[in-house]
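Here's a quick briefing for anyone meeting this structure for the first time. Have a look at it below, then read on.

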Amino acid sequence: MALEHRIRPFHTAQLALLSIAVLFAACSSRIPARVEIVNGREVEIATAGSGGAATVVFESGLGEDWTHWDEVASQVAQHARIFAYSRPGTGASGPSTTPRDPKTIVEELRALLASQGYAPPYVVVGHSMGGGYMELFAKSHPDEVVGVVLVDPRHRDFLSTCEAENVDGCAIPESTLATQPPAVIAEYHAYAMASDQIRAAGTFGSYAVRVLTATNHPGWSTATETLWEAMHGSLAAEAVDGERIVVQGSGHHIQLDRPDVVVNTILAVLAPTSR
């Protein structure tokens with residue numbers, strides 16, 4: 001997940017530098033954001049683009065706001081409408097009083113899209129743990145989705161499989177997690193529900209599913225990298241039209257290291273919807 005990769009090997013200086021980078025990104029973003037009051041709480045939203053048969057919806061990783069998608073979204077917006085937002089406790093969004101399990105997050109996103117006038121169909125794009133949310137979105141509502149792009153997603157069973165195989169460094173230490181906002185802590189713990197919720201939702205539809213895999217996760221052992229990549233392969237294999245794309249040399253944030261790959265993948269998934 002995003003937070004997990006950001007804090008390895010858990011240096012305070014890294015967190016401080018990251019906070020500065022996030023603030024800079026928010027101030028220099030290509031797409032202007034706004035704060036809307038939705039169901040009584042503040043939600044940071046970024047939208048752009050016009051036309052096209054589908055809206056591209058972006059979901060960020062744990063503890064990250066929408067700005068990590070800014071470069072990718074600004075390029076995709078030249079071809080289609082885009083919708084990005086910051087979940088509760090991140091960016092300019094306010095705190096949440098609702099559960100932070102994946103199903104609740106997905107249904108809140110659907111309600112948010114409807115409130116802003118963004119009707120289906122959607123191409124859903126998720127990074128890290130946000131990839132799990134978008135997997136659940138697509139499987140729960142296949143009639144609303146025409147494509148899925150998962151950017152170095154955290155597989156729903158990664159933690160349990162990692163621990164079962166005695167691989168080190170699978171989880172965020174509680175002492176580190178305790179430094180994060182309440183919504184982030186709640187999301188991390190509630191992600192344990194992802195496996196059951198996704199399995200209950202069913203399978204992918206006939207739409208394209210693309211899984212982008214990074215190969216450079218600092219602090220990870222060869223065993224952890226191998227498991228991560230293998231689980232991405234099995235995830236892509238679940239789809240009728242599934243493909244895993246390995247992005248050699250990229251870090252966890254492929255959308256920052258290789259935005260061209262992410263943009264081209266999204267546009268390729270979008271292409272059939274415009275026919």
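A disulfide is a pair of cysteine sulfur atoms within 2.5 Å, and this structure holds one. This is a predicted model, where local features need pLDDT of at least 70 and side-chain atom pairs count only at pLDDT 80 or more, while totals for chains, interfaces and linings use all residues. Residues are numbered from 1 along each chain as its sequence is written, and side-chain values use heavy atoms, with hydrogens and water left out.

**The disulfide**
- Cys162 and Cys170 are the pair, with their sulfur atoms 1.9 Å apart.
- The link of Cys162 and Cys170 is left-handed, at -75° about the S-S bond.
- Cys162 and Cys170 are both buried (under 20% relative accessible area, with a 1.4 Å probe and protein chains only).

**Strand E7**
- E7 covers residues 208-214, and seven of its seven residues are buried (strands, E, are DSSP runs of at least two residues and helices, H or I, of at least four, numbered from the N terminus).
- Ala208, Arg210, Leu212 and Ala214 point one way from E7, while Val209, Val211 and Thr213 point the other way.
- In a regular strand, side chains alternate between the two faces of the sheet.

**E7's neighbours**
- Strand E6 (residues 145-151) runs parallel to E7, joined by five bridges (strands pair if DSSP finds at least two bridges between them).
- Val148 has Val209 in E7 as its bridge partner.
- On strand E8 (residues 241-247), seven bridges make the link to E7, again parallel.
- Glu243 in E8 stands opposite Arg210.

Methods: Buried means under 20% relative accessible area, exposed over 50%, partly exposed in between (1.4 Å probe, protein chains only).
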